[in-house]
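Student: Can you walk me through this one? I have the sequence and the model open.

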Amino acid sequence: MSAGIYNFIVERGTDCIRQFQWADVDSQPIDITGWLAHLQVRDSKDSSAPVLIEYWSGDVTQLVAQVGVINIPNLVITPTLGVITLWIPANTSLALPWIYANYDLQLISPRGYTKKLIYGAISVLPSVTQN
């Protein structure tokens, strides 16, 4: 099954929470126990473009050992429901200097199989209210 397309908006200065679910053709959740989730945001779809945001799920110690990444997880997996929750905190969204970017979300199985679950565009809306 091909990756889904989902474009969404982040309102600058607010928390952004999005949930994505991997389900079969009958809309039954796929159990992703033991899988990791990896999300990257770039200003273009070109893989050589700089990474603007990068989030991993799972045990941070395990991730550092595997790939040298030390980002704190902002992806939470609910494995038996096949759900991945993305959280972009308000302080992160406030600091976003761009208004449009591309992302994708990949899942990595315990055996190393990689599945692109979803991809799309993120638009950032400016905030009128300032602290």
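Tutor: A definition to start: two strands pair if DSSP finds at least two bridges between them. Strands (E, at least two residues) and helices (H or I, at least four) are DSSP runs, numbered from the N terminus. Now the ground rules. This is a predicted model, where local features need pLDDT of at least 70, side-chain atom pairs count only at pLDDT 80 or more, and totals for chains, interfaces and linings use all residues. Residues are numbered from 1 along each chain as its sequence is written, and side-chain values use heavy atoms, with hydrogens and water left out.

Student: Fine. What is the strand order in the open sheet of three strands?

Tutor: The order is S3-S7-S6, with antiparallel pairing. S3 (16-21) and S6 (75-78) are the edge strands, each pairing on one side only. On average, neighbouring strands of this sheet are turned by 20 degrees against each other, direction ignored. That angle uses axes fitted to C-alpha atoms, for helices over the stretch in contact, and angles run from 0 to 180 degrees between N-to-C directions.

Student: How many bridges between S6 and S7?

Tutor: Four, in the antiparallel sense; S7 covers residues 83-88. Thr-78 has Val-83 in S7 as its bridge partner. The loop between S6 and S7 holds Pro-79.

Student: Zoom out. How do the elements run from the N terminus?

Tutor: They go β-β-β-β-β-α-β-β-α-β-β. That is two helices and nine strands. The protein has 131 residues, and 39% of them count as buried.

Student: What does S9 pair with?

Tutor: S1 (residues 4-5) pairs with S9 in the parallel sense over two bridges. S2 (residues 8-11) also runs parallel to S9, joined by four bridges. S8 runs antiparallel to S9, with nine bridges. One example there: Tyr-100 stands opposite Ser-123 in S9.

Student: And the turn between S8 and S9?

Tutor: The two strands form a hairpin with five residues between them. Gly-112 in that turn has a positive phi of about 95 degrees.

Student: Where is there a positive phi in a residue other than glycine?

Tutor: At Ser-27, with phi near 65 degrees. Ser-27 lies in the loop between S3 and S4, and counts as exposed at 57% relative accessibility.

Student: How many salt bridges?

Tutor: One. It joins the side chains of Lys-116 and Asp-104 (3.5 Å, N to O). The cut-off is a side-chain nitrogen of Lys or Arg within 4 Å of a carboxyl oxygen of Asp or Glu.

Student: Why does that pair tie together parts apart in sequence?

Tutor: Lys-116 lies in S9 (residues 114-125) and Asp-104 in S8 (residues 100-108), so the pair links parts twelve residues apart in sequence. Lys-116 is partly exposed, at 36%.

Student: Last topic. Which strand gives the most to the lining of the largest pocket?

Tutor: S8, with five residues. The lining has 17 residues, and among those nearest the centre are Lys-45, Asp-104 and Lys-116. A pocket is an open set of points on a 1 Å grid over the protein atoms alone, where a 1.4 Å probe fits, with protein on both sides within 12 Å along at least five of seven lines; lining residues have an atom within 4 Å of a point.

Notes: Buried means under 20% relative accessible area, exposed over 50%, partly exposed in between (1.4 Å probe, protein chains only).
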